[in-house]
Amino acid sequence: MELLWHDAALAVCVKPPGWLAQEGSGPSVPAALRAALGGEVYVIHRLDRPVGGVMVCARTAEAAAFLSAAVRDGRLEKTYLAVLKGAPASPSGRLEDLLYHDSRRNKTYVVDRRRRGVRAAALEYETAAAAPGAVLVWVRLLTGRTHQIRAQFAARGAPLWGDGPYGGGKGPLGLWSAALSFPHPDGRILSFRRDPPDQMPWSQFC
């Protein structure tokens, strides 16, 4: 795990694909940050286990409450890179759906009406590059639903690379947390970015 920056309130790191964003069985971001920095670690936002990239964690309860409020208010901005198998209908746009997450199957579905457990989801995307059978897109999340990016693109016939449960086949998952921007409790706006590793599926676009 790469530690990008830290102070007494916050820590920003790069989560390796395959690591857990929270405590569990196997390597995890909180455990690695505690080993590197000491003290307590509070997880503010999560990345699916196969997803790598930039994460921010709090180091105090006060900072955790501040950042959690920023998440609720939409002041923590998350930008992803995604590799799609197939191309979206338009090279850029906004996707809005109703999503239902089935916790037993750990899968999210696009549905056509509101009911218990259904939540609105929105994202914006822009095509960055294309390769044979694959498209690289920037994605800005406007809401933070479980498996949101994976489900919304799959519902349009463009599943993420390597996303077997959503029709993307086998291989490393083509989703990377590329950039974060968020307020610090002291009033600053902090921004961090890290490109994905030079390996499949990202190396198709180098």
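**Buried cysteines, a helix and ring pairs**

Cys 13 counts as buried because its relative accessibility is 0%, where buried means under 20% relative accessible area, exposed over 50% and partly exposed in between, with a 1.4 Å probe and protein chains only. The model is a predicted one, in which local features need pLDDT of at least 70 and side-chain atom pairs count only at pLDDT 80 or more, while totals for chains, interfaces and linings use all residues. Residues are numbered from 1 along each chain as its sequence is written, and side-chain values use heavy atoms, with hydrogens and water left out.

A disulfide is taken as a pair of cysteine sulfur atoms within 2.5 Å, and by this rule the count is zero. Cys 13 is in no disulfide, and the cysteine sulfur nearest to it, that of Cys 57, is 5.5 Å away. Cys 57 is likewise in no disulfide, its nearest cysteine sulfur being that of Cys 13. Cys 57 also counts as buried, because its relative accessibility is 0%.

The text now turns to a helix. Helices (H or I, at least four residues) and strands (E, at least two) are DSSP runs, numbered from the N terminus. Helix H2 comprises twelve residues, 61–72, and reaches 17 Å from its first C-alpha to its last, close to the expected 16 Å; the expected span is 1.5 Å times one less than the number of residues. The buried residues of H2 are Ala 63, Ala 64, Leu 67, Ala 69 and Ala 70. What covers them includes strands E2 (10–15), E3 (42–43), E4 (52–58) and E10, with contact meaning heavy atoms within 4.5 Å. After H2 comes Gly 74, whose phi is positive, near 75°.

Strand E10 leads on to E11. These two strands pair in the antiparallel sense over five bridges, pairing being assigned if DSSP finds at least two bridges between two strands. Within this arrangement, Ser 181 stands opposite Ser 191 in E11. E10 and E11 form a hairpin with five residues between them, and Gly 187 in the turn has a positive phi of about 105°. The covered face of E11 holds Leu 190 and Phe 192, whereas Ile 189, Ser 191 and Arg 193 are on the uncovered one.

Aromatic rings are the next topic. Rings of Phe, Tyr and Trp (its six-membered ring) pair if their centres lie within 6.5 Å; planes under 30 degrees apart count as stacked, over 60 as edge-to-face and the rest as tilted. A search of the whole structure finds three such aromatic pairs. The ring centres of Tyr 125 and Phe 153 are 5.5 Å apart and their planes stand at 75°, so this pair is edge-to-face. The pair links distant parts of the chain, with Tyr 125 in strand E8 (residues 118–131) and Phe 153 in helix H3 (residues 148–154), 28 residues apart. Both Tyr 125 and Phe 153 are buried.

Phe 182 and Phe 192 have ring centres 6.1 Å apart and planes at 20°, so this pair is stacked. Phe 182 belongs to strand E10 (residues 175–183) and Phe 192 to strand E11 (residues 189–193), ten residues apart. Phe 182 counts as buried because its relative accessibility is 0%; Phe 192 counts as buried at 16%. Ring pairs link Trp 5, Phe 182 and Phe 192 into a cluster.

Two charged side chains also lie over rings. Lys 85 lies over the face of Trp 161, at 4.9 Å from the ring centre, and Arg 115 lies over the face of Tyr 100, at 5.1 Å from the ring centre. Here a charge sits over a ring if NZ of Lys or CZ of Arg is within 6 Å of the ring centre and within 35 degrees of the ring normal.
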